[in-house]
Amino acid sequence: MIPHSQLSGKLNTTKAFRAAHSPLREDWIEGCSDVEPRFAFEADAPGAELPEELVELADFDERALDQLTSGLPVDQVLIYDSQYPATREALTAKLDAIDETFVRAYKSQRTNPAKPYGATELSPYLHFGMVAPWEVAQRVRDCGAPKSYGYKLLDELLTWREWSHWRMTEDPSLLLYESLPRAARATLDAHRDDLRDPALSFEEVLHGQTPDSVFNAAARCWLETGWLHNNLRMYWAKQVLRFMPSPEQAWAACCYVNDRLSYDGRDPATYISMRWAFGEAKPGYRDIPIYGRIMPKSPAAIFKREGMKAWIEDWSARDTARLDCADFAERSALYGI
């Protein structure tokens, strides 16, 4: 929402970024609210020379779009899920859901994927530029709920998300395994030969074929819908470390799912979240197998949340479509593996 040129100082922590960012927010929300939405490409734009059929893509039906994309170098294997249609109507419905009831409930339900107010599900639309952060912030601010209820949602949107973008702009190498904190890599390296029980292939991890029912449910939901609640992503990424044969391959597995399968993947915010799972956070209290001093994540709290037991059982039982991941090794090279 706020251009990086408007920020100054050493912004190496969320506390420092929040202190620099927060005083500017209200002016930018107000200033942006009068902006008329425009298409990214318009036929009358200077230098616009694309054929008319490409300008009017919004008018294409499913068959016409299939014909247009069939010859393009894009991944034709990925599943399209109707839960997140790339339409203004779907986006508007999700924005309209951010009312007073949602904001009041979000504070207590944000860690529960089984609850209807646990996430806005706007991250795919933010990623592809279909909605601007100021539009979401304005909805939260004007919904009628006290500021104390909307604070956490706005902090995730305007502190954590925008800080992630700032960090990646400053240092694009953050997507590489070798850029993880030195202490994190050292403790993982010291435990690289620890027994994985079981040690699984990437294909088994990808399709949720593990002894962990929470992990399996999360993996299958992600594979089938292209989106996963952030609290489960955190758990999923932590468990990959104990299933894959090495920490480097675990990092590559996370990047692969993030970049190939996620509607909101390939995004600074998703990479910074993965870095948290791999030790860019407070270290663990003791040295443990596989993780060393990286804090693990237990499923105990997830099972205690209302509705999660049924949610896990439902997704764990689903037989999701098989996805060819033969390019996993080739893609791993992109992440410094």
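The charged end of K238 sits over the ring of W276, at 4.7 Å from the ring centre; a charge sits over a ring if NZ of Lys or CZ of Arg is within 6 Å of the ring centre and within 35 degrees of the ring normal. The charged end of K107 is likewise placed over the ring of Y149, 5.5 Å from its centre. The model is predicted, so local features need pLDDT of at least 70 and side-chain atom pairs count only at pLDDT 80 or more, while totals for chains, interfaces and linings use all residues. Residues are numbered from 1 along each chain as its sequence is written, and side-chain values use heavy atoms, leaving out hydrogens and water.

**Helix 12**

- K238 is one of the buried residues of helix 12, as are W236, V240 and F243; buried means under 20% relative accessible area, exposed over 50%, and partly exposed in between, with a 1.4 Å probe and protein chains only.
- Because 12 of the 14 residues of helix 12 are buried, this helix is largely enclosed by the rest of the structure.
- Helices are DSSP runs of H or I with at least four residues, and strands are runs of E with at least two, numbered from the N terminus.
- Helix 12 (residues 230–243) should span 20 Å at 1.5 Å a residue, and its end C-alpha atoms are 20 Å apart, which agrees; the expected span is 1.5 Å times one less than the number of residues.

**Aromatic pairs**

- The structure holds 14 aromatic pairs; rings of Phe, Tyr and Trp (its six-membered ring) pair if their centres lie within 6.5 Å, and planes under 30 degrees apart count as stacked, over 60 as edge-to-face and the rest as tilted.
- One of these pairs, F102 and Y106, is stacked, with 6.0 Å from centre to centre and 25° between the planes.
- F102 and Y106 are separated by about one helical turn because they are 4 residues apart in helix 5 (residues 100–109); both F102 and Y106 are buried.
- The ring centres of F202 and F328 are 4.0 Å apart and the planes are at 10°, so this pair is stacked.
- F202 in helix 10 (residues 202–206) and F328 in helix 17 (residues 328–332) are 126 residues apart, and their pair links distant parts of the chain.
- Ring pairs also join F215, W222, W236 and F243 into a cluster.

**Nonpolar cores**

- The largest nonpolar core has 54 residues, and W236, V240, W251, F278 and W311 have the most contacts inside it; such a core is a set of buried Ala, Val, Leu, Ile, Met, Phe, Trp, Tyr and Cys residues joined through side-chain atoms within 4.5 Å.
- Helix 13 supplies the largest share of this core, 9 residues.
- A second, separate core of 34 residues includes I2, L126, V136 and Y263.

**Cysteines**

- A search of the whole structure finds 0 disulfides; a disulfide is a pair of cysteine sulfur atoms within 2.5 Å.
- The sulfur of C32 is 19 Å from the closest cysteine sulfur, in C143, which is too far for a bond.
- C32 counts as buried because its relative accessibility is 13%.

**Backbone features**

- A cis peptide bond, with omega of about 5°, joins D197 and P198; P198 is found in the loop between helix 9 and helix 10.
- I290 is a residue other than glycine with a positive phi, near 70°.
- I290 is buried, with a relative accessible area of 9%, and is found in the loop between helix 14 and helix 15 (300–304).
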